[in-house]
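Colleague: Thanks for sitting down with me. Please walk me through this one, and I will keep asking what each label rests on.

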Amino acid sequence: QCHYSMKKAASFLGIGTENVYFIKTDERGKMIPEELEKQVQRARKEGSAPFLVCATAGTTVLGAFDPLDEIADICEKHGLWLHVDASWGGSALISRKHCRLLHGIHRADSVAWNPHKMLLAGIQCCALLVKDNSGLLKKCYSAKAAYLFQQDKFYDVSYDTGDKSIQCSRRPDAFKFWLMWKALGTTGLEERVNRALALARYLVEEIKKREGFQLLLEPEYANVCFWYIPPSLRKMEDGPEFWQKLHQVAPIIKERMMKKGSMMLGYQPHQGKVNFFRQVVISPHVSREDMDFLLDEIELLAKDL
């Protein structure tokens with residue numbers, strides 16, 4: 001359930017997508033450490049040389065957090081680099097209430113994080129954090145272009161990010177985040193995370209109260225995944241025909257809400273589950289009334305289905 005960028009990265013780097021070993025997850029979408037161990041052993045038996053494990057903190061669909069401590073134990077045992085894709089879930093670290101979701105992340109060799117997601121920094125704002133402090137990024141990426149990255153400038157040249165990244169002319173994302181942090185403060189950013197997760201919890205409780213709405217699972221983050229079962233299907237027996245019909249419901253509702261101009265709400269199938277809605281709560285401007293409107297609007301648009 002990792003992000004598709006892992007497969008693309010393997011392709012771009014010349015490793016090849018067939019050399020990416022996917023690890024099974026449990027019913028909540030978390031990587032199963034025992035399955036990771038099996039795949040490491042399998043790779044070695046096949047003559048491959050495993051070197052990187054990518055764990056995910058906040059998966060795209062379910063918002064699942066992999067068990068980082070247990071994964072780190074396996075990586076230490078086999079001498080593997082542990083990368084944590086915390087692009088979505090990394091912002092939970094700022095919340096004293098929710099930072100436990102990322103227990104063990106301090107053991108990672110590298111972490112990817114997107115403050116433009118949960119913290120709403122201006123897109124794009126991406127951070128790559130590495131534990132190595134020996135100038136690893138410069139050793140990997142520097143081309144020592146003398147016409148551009150002169151070492152005898154009057155300021156501290158270690159701040160020249162162009163010689164330490166793939167994209168020389170990339171915008172300085174760190175400045176965006178620094179400015180936002182200065183404006184809101186640590187408490188302001190923490191409140192953003194806490195408010196989003198509190199609203200997600202409110203939405204979950206409202207879904208449980210309403211006829212026709214069914215949760216996929218209890219979320220642990222801001223991803224609220226649910227089905228809407230229209231009136232015509234509510235008395236139908238659970239079976240292949242029921243799920244086939246339910247699969248067609250979300251796309252119809254999505255089309256209607258877009259044509260009406262009332263909402264934008266994502267849906268998708270996922271690992272054998274038919275199309276369901278995925279409401280991801282982020283914005284600090286969203287209210288409980290907006291959550292109520294979301295459910296009311298779905299009911300309104302689907303009452304004839």
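Modeller: Let me start with a term. A nonpolar core is a set of buried Ala, Val, Leu, Ile, Met, Phe, Trp, Tyr and Cys residues joined through side-chain atoms within 4.5 Å. Buried means under 20% relative accessible area, exposed over 50%, and partly exposed in between (1.4 Å probe, protein chains only). This is a predicted model, in which local features need pLDDT of at least 70 and side-chain atom pairs count only at pLDDT 80 or more, while totals for chains, interfaces and linings use all residues. Residues are numbered from 1 along each chain as its sequence is written, and side-chain values use heavy atoms, leaving out hydrogens and water.

Colleague: Which residues have the most contacts inside the largest nonpolar core?

Modeller: They are L36, I71, L82, V84, M118, L119 and Y221, in a core of 39 residues. Two or more residues each come from helix 2 (33-45), strand 1 (52-56), helix 3 (68-78), strand 2 (81-85), strand 3 and helix 5 (173-209). Helix 5 gives the largest share, six residues. Helices (H or I, at least four residues) and strands (E, at least two) are DSSP runs numbered from the N terminus.

Colleague: What does the chain look like overall, by secondary structure?

Modeller: There are eight helices and eight strands. Along the principal axes, the C-alpha atoms fill a box of roughly 75 × 55 × 35 Å. Of the 305 residues, 44% are buried.

Colleague: Why is C75 called buried?

Modeller: Its relative accessibility is 3%, and the cut-off for that word is under 20%, so C75 counts as buried. C75 sits in helix 3 and touches V53, L80 and L82, leaving aside residues up to four places away in sequence. Contact here means heavy atoms within 4.5 Å. The C-alpha atoms of C75 and L36 are 9.6 Å apart, although 39 residues separate the two along the chain.

Colleague: What makes helix 6 roughly parallel to helix 7?

Modeller: Helix 6 (residues 240-247) and helix 7 (residues 249-260) pack at about 20°, with axes 4 Å apart. Angles under 35 degrees count as roughly parallel, over 145 as roughly antiparallel, 65 to 115 as roughly perpendicular and the rest as oblique, so helix 6 is roughly parallel to helix 7. The axes are lines fitted to C-alpha atoms, for helices over the stretch in contact, and the angles run from 0 to 180 degrees between N-to-C directions. In this contact K245, L246 and H247 of helix 6 meet V249, A250 and P251 of helix 7.

Colleague: And why are helix 7 and helix 8 described as roughly perpendicular?

Modeller: The axes of helix 7 and helix 8 (residues 288-301) cross at roughly 105° and come within 10 Å. That angle falls in the range for roughly perpendicular, and the pair is therefore given that label. I253, R256, M257 and K260 in helix 7 meet E297, I298, L300 and L301 in helix 8. By class, this contact has five nonpolar, no polar and three charged residues. Ala, Val, Leu, Ile, Met, Phe, Trp, Tyr, Cys and Pro count as nonpolar, Asp, Glu, Lys and Arg as charged, and the others, Gly among them, as polar.

Colleague: Which residue does UniProt list as "modified residue: N6-(pyridoxal phosphate)lysine"?

Modeller: The unreviewed UniProt entry lists K117. UniProt positions are in the numbering used here, feature names are shortened, and annotations may be inferred rather than shown by experiment. K117 lies in the loop between strand 3 (110-113) and strand 4 (127-130). Beyond residues up to four places away in sequence, K117 touches S87, W88 and I282.

Colleague: How do you know that K117 is partly exposed?

Modeller: K117 has a relative accessible area of 26%, so the value falls between the buried and exposed cut-offs.

Colleague: Why is Q271 called exposed?

Modeller: Q271 has 56% relative accessibility, and exposed begins over 50%, so Q271 counts as exposed. Q271 lies in the loop between strand 7 (266-270) and strand 8 (273-280), with a positive phi near 45°.
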